[in-house]
Amino acid sequence: MARPTQPKEAKPKALEAVEDGIPVSSKEPNPMMNIIITVVVIVLSTTLSSAASMYFLAPIIMKPMLSSLAPKGEGEEGGEGEGEEGGEKGEAGAMPTVGPVLALDEFTVNLKDADRERYLRASISLTVTANDPKFGKLAGEEAKKWEEEFHIEMGPYVPAVRDLIISALTKRTAAELSTAVGKEEVKDEVKKGVDALFHGERKVIRVNLENFIIQ
């Protein structure tokens with residue numbers, strides 16, 4: 001009597017899934033996974049390239065944009081700085097060359113000479129800053145009115161200014177005032193003294209000496 005054949009044992013599912021230590025599923029490539037990996041690589045490459053480009057190009061692009069947006073300072077080209085006629089500073093730190101003139105009465109003073117009596121007769125005036133952009137642009141009655149208002153404003157300063165000038169002249173001898181150096185020393189002393197009297201309200205542009213006669 002024939003021996004009944006035993007049924008072939010079924011491989012466990014876990015064993016069917018693995019042959020020679022390699023998963024069966026891994027033997028066949030997965031197209032979707034390849035597409036995903038390719039897309040990720042492309043995105044990362046593009047991102048890194050863009051980041052590197054921005055790192056180097058940002059200063060070149062942003063600097064001109066920021067410069068164009070920054071407001072220009074006073075006195076720069078295209079700014080709001082006044083020129084010389086307005087009595088304001090044109091270039092940074094530059095003193096205007098013109099302005100209203102404060103005329104003073106004639107001075108007659110004794111000089112410091114000890115050997116004999118010497119005296120000086122001179123006409124002195126001060127050119128000062130205008131502090132008004134309209135200065136030099138007015139005419140007729142408007143110009144006359146502006147000048148009257150200027151002298152009214154300067155009126156309280158005149159006594160102190162005259163006293164300062166007299167003091168600067170009487171401390172010098174005829175020989176000192178006969179030289180260009182001596183005259184410049186007087187001008188410098190008067191300018192500094194009057195600037196101090198103005199307390200920053202105005203500045204002396206120039207001290208004008210006229211009819212400077214020593215006898």
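Buried means under 20% relative accessible area, exposed over 50%, and partly exposed in between, with a 1.4 Å probe and protein chains only. By this scale Asn 131 is partly exposed, with a relative accessible area of 35%.

The model is predicted: local features need pLDDT of at least 70, side-chain atom pairs count only at pLDDT 80 or more, and totals for chains, interfaces and linings use all residues. Residues are numbered from 1 along each chain as its sequence is written, and side-chain values use heavy atoms, with hydrogens and water left out.

**Overall build**

The chain has 6 helices and 6 strands; helices (H or I, at least four residues) and strands (E, at least two) are DSSP runs, numbered from the N terminus. From that end, the elements follow the order α-β-β-α-β-β-β-α-α-α-α-β. Of the 215 residues, 22% count as buried. Contact means heavy atoms within 4.5 Å. Among contacts between residues at least 6 apart in sequence, 68% join residues at least 24 apart.

**Salt bridges**

A salt bridge is a side-chain nitrogen of Lys or Arg within 4 Å of a carboxyl oxygen of Asp or Glu. The structure holds 6 salt bridges, including those below.

| Pair | Closest N and O atoms |
|---|---|
| Arg 172 and Glu 189 | 3.1 Å |
| Glu 184 and Lys 187 | 3.6 Å |
| Asp 195 and Lys 191 | 3.0 Å |

Arg 172 forms a salt bridge with Glu 189. Arg 172 lies in the loop between α4 (158-170) and α5 (174-177) and Glu 189 in helix α6 (residues 180-198), so this pair ties together parts that are 17 residues apart in sequence. Arg 172 is buried at 11% relative accessible area, while Glu 189 is partly exposed at 25%. Lys 171, Arg 172 and Glu 189 are linked in a network of salt bridges.

Glu 184 and Lys 187 are 3 residues apart in helix α6, so about one helical turn separates them. Asp 195 and Lys 191 stand 4 residues apart in helix α6, also separated by about one helical turn. Asp 195 is buried, with a relative accessible area of 12%, whereas Lys 191 is partly exposed at 27%.

**Positive phi values**

Asn 131 is not a glycine, yet has a positive phi of about 60°. This residue is in the loop between β5 (119-128) and α3. Asn 211, also a residue other than glycine, has a positive phi near 50°. Asn 211 is found in strand β6 (residues 204-214) and is exposed, with a relative accessible area of 51%.
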